[in-house]
Amino acid sequence: MSRLLVWCFVLTLSACVAKPPQSDKSWRLIGKLSVRSESESLILGIDWRHTTDGNEIVLNGPLGLKVAEISTQGDKVLFNMGDQSYLLDEFEAPGISSNTQIRVPWLKLAGWVRSESVAIIDEYPWRFEIIEMSAQGPVSMRLKHPELSFRLKVNRWDIQ
């Protein structure tokens, strides 16, 4: 599994935890995430817990092994990827690596993930699309960039 592809995913998903979603309710999302670039693809399990105090996202690879954990600490986002940890300001827009200048929509994704209707949102160069809805919220979503594509399939929403 490419560390660059995991890093791309972690930085993009961290955008989701930087700002609370539209709903102030506590919730848990369990599902699968597909990450694709021109040369690679990756499928991860995702367990995302949101409360009014913050977020914790656990990403699992093959055989359920934890690949990364993302959490919020005040106005900071903390990434743990095994032996590496990164702490970033909520409003930073870091590049994914020194080889690319991809910037993630830090303050946009959280609201998109808990949107209340099927929507297509263009935030150049990103395009977010809710593909399928259920009574509990979106169950299939896609986030596209000219160099990356992410697809989130929600298996279960637990909303409190």
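W27 is buried, at 3% relative accessibility. The model that shows this is predicted. W27 lies in strand β1, which spans residues 27-36.

A search of the whole structure returns 3 aromatic pairs. The ring centres of W27 and W157 are 5.2 Å apart, and the planes stand at 75 degrees. Planes over 60 degrees apart count as edge-to-face, so the pair of W27 and W157 is edge-to-face. The pair links distant parts of the chain. W157 sits in strand β10, residues 149-159, and is 130 residues away from W27. W157 is buried too, with a relative accessible area of 3%. The cut-off for a buried residue is under 20%, so W157 falls in that class at 3%. Ring pairs join W27, W48 and W157 into a cluster.

W48 also has a polar partner. The side chains of W48 and N55 form a polar contact of 3.1 Å. N55 belongs to strand β3, which covers residues 54-60. The side chain of N55 makes a polar contact with that of H50 as well, at 2.8 Å. N55 has a relative accessible area of 8%. This value is under 20%, so N55 is buried.

Strand β10 holds K153 as well as W157. K153 has 34% relative accessibility and counts as partly exposed. That class lies between the buried limit of 20% and the exposed limit of 50%. Residues up to four places away in sequence aside, K153 touches G31, K32, E132, V139 and S140. For S140, the C-alpha atom is separated from that of K153 by 4.7 Å. K153 and S140 are 13 residues apart along the chain.

These residues belong to a chain with 2 helices and 10 strands. From the N terminus, the order of elements is α-β-β-β-β-β-β-α-β-β-β-β. The chain has 160 residues, of which 48% are buried. Among contacts with a separation of 6 or more, 45% are between residues 24 or more positions apart. The chain exposes about 8300 Å².

Notes:
Residues numbered from 1 in each chain as written. Predicted model: local features only at pLDDT ≥ 70, side-chain atom pairs only at ≥ 80, totals over all residues. Heavy atoms only, no water. Helix = DSSP H or I, 4+ residues; strand = E, 2+ residues; numbered from the N terminus. Buried < 20%, exposed > 50% of the residue type's maximum accessible area, 1.4 Å probe, protein only. Contact = heavy atoms within 4.5 Å. Areas by Shrake-Rupley, 256 points an atom, 1.4 Å probe, with all protein chains shown as cover. Phe/Tyr/Trp six-rings, centres within 6.5 Å; stacked < 30°, edge-to-face > 60°. Polar contact = N/O pair within 3.5 Å; in protein donor to acceptor, adjacent residues only side chain to side chain.
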